[in-house]
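Have a look at the sequence and coordinates before reading on.

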Amino acid sequence: MRVLAGKEIRVTGIVQGVGFRPFVHGLARACRLGGDVSNDPRGVRIRVFGAPDAIDRFLQKLAASPPPRAMVARIETKEIRPERRDGFEILPSRADGKPVAAIAPDAAICPACRREMANPSDRRFGYPFTNCTLCGPRYSILERIPYDRANTAMRDFAMCADCQREYLSPEDRRHHAQANCCPRCGPRLWLADAGGKTLAGDPVEASARALSEGRILAVKGLGGFHLACDASNDAAVRRLRERKDREEKPFAVMARDVETVRRLVLLPPYAERLLASPEAPILIARKRRPALLAESVAPGNNSYGVMLPYTPLHALLLERGPACLVMTSGNRADEPIAAENGEALERLQGIADLFLLHDRRITVRQDDSVLLAAKGRPVMVRRSRGYAPAGIETGADVDGVAAYGAMLKNAPAVGRGSTLFPGRHVGDLGNARALEMFLEVLGHLKEILGVRVRRVACDLHPDYPSTRLAEESGLEVVRVQHHHAHLLSLMAESRLHEPAIGVALDGTGYGPDGALWGGEIFAFDPHGFERKYHLAYVPLPGGERAVQEPWRMALAYLKQCGLDWRPWIREERAPEVAALIESRVPMFRTSSMGRLFDAVSSLCGLCHVAGHEAQAPMALEGALEGTPDAYAFGIEGEEICADGVIRSVVRDREQGVPAGIVSGRFHNAVVEMVLACARRLREEEGLNRLFLSGGVFMNRYLCDRIPERATREGFEVLTHSLLPPNDGGIAAGQALYAAFH
Ligand code: ZN
Ligand code: ZN
Ligand code: FE
């Protein structure tokens with residue numbers, strides 16, 4: 001090899017744990033270059049020596065076609081003194097410097113690994129921990145960076161000679177696969193009874209049989225435990241609900257293959273690719289009728305949350321057991337997902353009949369990610385396994401900012417440079433375990449990113465645990481109005497920071513006037529907002545109880561309209577609550593769109609008492625029947641008045657109009673109201689960009705309709721695809737606000 005030139009190349013982004021070094025190795029050899037490649041805390045460092053045109057070709061290919069799972073943020077090059085090298089090598093990792101390498105998320109099993117597992121003559125035949133450079137656990141086994149076996153839970157297992165050979169061989173597809181293992185040297189699977197005693201026999205066979213017999217199985221997966229049972233066995237699903245203390249909230253389903261999914265739900269064109277992607281999320285899609293699964297899987301809901309097997313173990317279970325399994329987080333009610341064997345045996349005691357366990361530790365627990373299959377594009381609902389901890393480019397300086405999120409669906413975020421790293425889903429901060437997990441997630445993010453946090457951003461609500469933790473941090477605290485943060489989270493992911501129209505339709509969030517906001521239309525940018533329109537205030541009788549008991553909102557709205565509530569509400573405490581409203585004792589007031597959905601849902605007889613968050617709005621959406629008609633909101637000054645809507649609902653219900661049509665007319669009214677406000681703001685403020693955020697945008701009808709109509713009227717419409725519109729995405733908006741203040 002004639003040495004004429006030398007270059008040092010630094011690649012940052014998601015470049016570790018995605019087969020980057022083997023890729024570079026192959027490319028360098030193809031270009032006939034000598035040199036080396038190594039992981040370091042900043043990413044990947046490459047040194048190449050050879051003919052200048054060969055180096056150029058190498059750089060071109062590096063930029064144009066990196067490995068499929070890599071996300072290259074930047075490639076920097078500099079000239080170095082040429083050296084004579086025989087060949088190209090992969091060097092051990094360097095541990096100097098500040099860690100800035102982005103960590104790869106976990107990836108679903110790839111087709112090549114599945115083929116090996118299905119091949120009786122392969123040494124990994126039926127091995128439930130098969131993985132390669134393209135697939136398998138990453139973030140969920142990480143202890144620190146750089147991403148090398150010694151820094152992961154796989155350090156518990158020493159590679160056998162065969163695995164070692166694969167690992168070292170540049171031609172092998174497991175070249176430098178950090179989690180490489182086989183039945184001889186890798187993790188081991190076993191089945192235990194509820195007391196933790198190991199049961200004899202093939203654990204997969206026995207588990208599949210137990211599932212087919214209607215038993216409930218706790219399965220240790222990638223980011224934590226699942227509780228599984230046969231989704232077509234109504235009795236089994238009911239038993240799981242009873243034991244898990246979960247009345248009506250829909251369960252996610254794992255289906256054997258895409259064909260099975262197709263029989264369950266109606267899929268938009270992009271959906272099959274998304275389901276089979278390395279991220280392998282749960283996709284919420286419309287049920288086919290008649291529904292094929294047990295009614296108790298998603299009672300009164302027009303959708304199923306479906307996913308495909310994403311670990312080798314899942315693939316085996318679904319091949320040998322039922323074709324559709326309920327796969328719900330292994331936890332009780334609202335606690336975080338269980339991740340350790342002992343912890344699962346203790347916490348899932350009395351829920352699971354059997355425990356399918358293994359000895360690969362989960363260092364970073366994660367729930368499944370969830371997306372909504374809206375028309376044309378998916379909407380992120382819960383961002384966790386498969387997506388975390390990949391960063392989001394915000395286009396603003398969020399360096400050293402930690403954003404603590406809100407109360408429900410909490411997920412903190414940490415900024416480095418202009419990239420924001422949303423942490424994985426923590427859940428509701430209402431219990432001690434969740435608070436612990438919050439601190440764990442935040443601490444882990446800071447550590448793997450090497451960020452020294454200088455400022456903390458949190459909600460305006462004084463009583464959120466996240467706000468209290470922020471105040472106790474001893475750092476400078478920036479407090480951000482809840483709906484401003486919702487809209488800014490969308491600005492963060494779209495990197496469009498100029499003034500815009502913001503529509504925040506939400507449950508509730510604290511307003512600076514002490515009321516609970518949630519039906520807000522702003523003119524806003526990262527510096528601040530003007531509240532241009534909002535739903536007219538109504539009392540929130542009983543505060544938090546009104547959120548759990550939609551009949552209270554129905555009552556509040558009926559009284560607001562001067563209508564008789566008695567024909568509509570039979571609850572025992574209704575007279576007392578009515579008297580309370582009449583007495584005009586000081587009470588929280590709210591402009592929440594979520595609460596208006598509650599009221600209408602109750603008036604339609606769909607949900608008077610909610611067993612889980614957003615049950616009433618989901619029931620209303622679930623009942624929806626297509627209709628061209630719409631009720632009408634009034635807009636008076638800055639107030640959006642719902643009286644006319646409530647009167648129409650009552651009149652229609654009295655005349656026996658079916659709940660589905662009432663729901664359709666109500667949904668259409670919301671669409672028309674949003675468009676009317678947007679038009680006014682366009683005229684008054686000259687704004688044409690329309691941002692849609694807040695928890696109500698998990699409603700598929702609104703997600704389809706509002707963008708469709710607004711685009712036709714010439715608005716530039718922005719919706720969430722990287723971050724959830726609900727409180728799970730709010731930390732990003734808080735961080736963006738902090739960047740501008
Ligand atoms: Zn693979
Ligand atoms: Zn091995
Ligand atoms: Fe919210």
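This is a predicted model: local features need pLDDT of at least 70, side-chain atom pairs count only at pLDDT 80 or more; totals for chains, interfaces and linings use all residues.

**Metal sites**

Let's start with the zinc ion (ligand 1). Its donors are the SG atoms of C110, C113, C132 and C135, at 2.3 Å. The angles among these 4 donor atoms run from 105 to 116°, and the site is tetrahedral. Along the sequence, the donor residues follow the pattern C-x2-C-x18-C-x2-C. Both C132 and C135 are buried.

Protein donors here are H482 (NE2), H486 (NE2), D506 (OD) and D727 (OD), and they lie 2.1 to 2.3 Å from the metal. Why does the arrangement around the iron ion (ligand 3) count as irregular? Its 4 donor atoms subtend angles of 85 to 170°, and a tetrahedral label would need all angles between 85 and 135 degrees. If you're setting up this site, remember that water is not among the atoms, so sites may look incomplete.

In sequence terms, the iron donors are spaced H-x3-H-x19-D-x220-D. Distant parts of the chain are linked this way: H486 sits in helix α13 (residues 482–494) and D727 in the loop between β32 (716–718) and α22, 241 residues apart. H486 is buried at a relative accessible area of 0%, and D727 also counts as buried, at 10% relative accessibility.

**The sheet and its helices**

Next comes an open sheet of 6 strands, ordered β18-β21-β20-β19-β22-β23, with mixed pairing. β18 (392–393) and β23 (476–480) are the edge strands; each has a single partner, so one side of each lacks a neighbour in the sheet. For β18, 2 bridges connect to β21 (residues 419–422), and the two run antiparallel. Within that pairing, E393 sits opposite T419 of β21.

Helix α22 (residues 730–739) packs on this sheet, where it touches β19 (401–403), β20 (413–416), β21, β22 and β23, and its direction makes about 130° with that of β22. Helix α12 (residues 465–472) lies across β22 (455–459) and β23, at about 155° to β22.

**A helix with a buried side**

Which residues of helix α16 (residues 574–583) are buried? They are A574, V577, A578 and I581. The four cover an arc of only 100° around the axis, which puts them on the same side of α16.

Most residues other than glycine have a negative phi, and most peptide bonds are trans.

| Residue | Phi |
|---|---|
| R32 | near 55° |
| R495 | near 60° |
| R584 | about 60° |

R32 falls in the loop between α1 (20–30) and β2 (34–40), and it counts as exposed at 69% relative accessibility. R495 belongs to the loop between α13 and β24 (500–510); at 49% it counts as partly exposed.

As for cis peptide bonds, one runs from R289 to P290 with omega near -5°, and P290 is in the loop between β12 (282–287) and β13 (303–307). Another joins A388 and P389, with omega about 0°; P389 lies in the loop between β17 (378–382) and β18.

Technical notes:
Residues are numbered from 1 along each chain as its sequence is written. Chains are lettered from A and ligands numbered from 1 in the order in which they are written. Side-chain values use heavy atoms; hydrogens and water are left out. Buried means under 20% relative accessible area, exposed over 50%, partly exposed in between (1.4 Å probe, protein chains only). The arc is that of the directions from the helix axis to the C-beta atoms. Two strands pair if DSSP finds at least two bridges between them. Contact means heavy atoms within 4.5 Å. Axes are lines fitted to C-alpha atoms, for helices over the stretch in contact, and angles run from 0 to 180 degrees between N-to-C directions. Donors are N, O and S atoms within 2.8 Å of the metal (3.2 Å for Na, K and Ca); water is not among the atoms, so sites may look incomplete. Four donors count as tetrahedral if all angles lie between 85 and 135 degrees; four count as square planar and six as octahedral if opposite donors are over 155 degrees apart and all others between 65 and 115; anything else is irregular.
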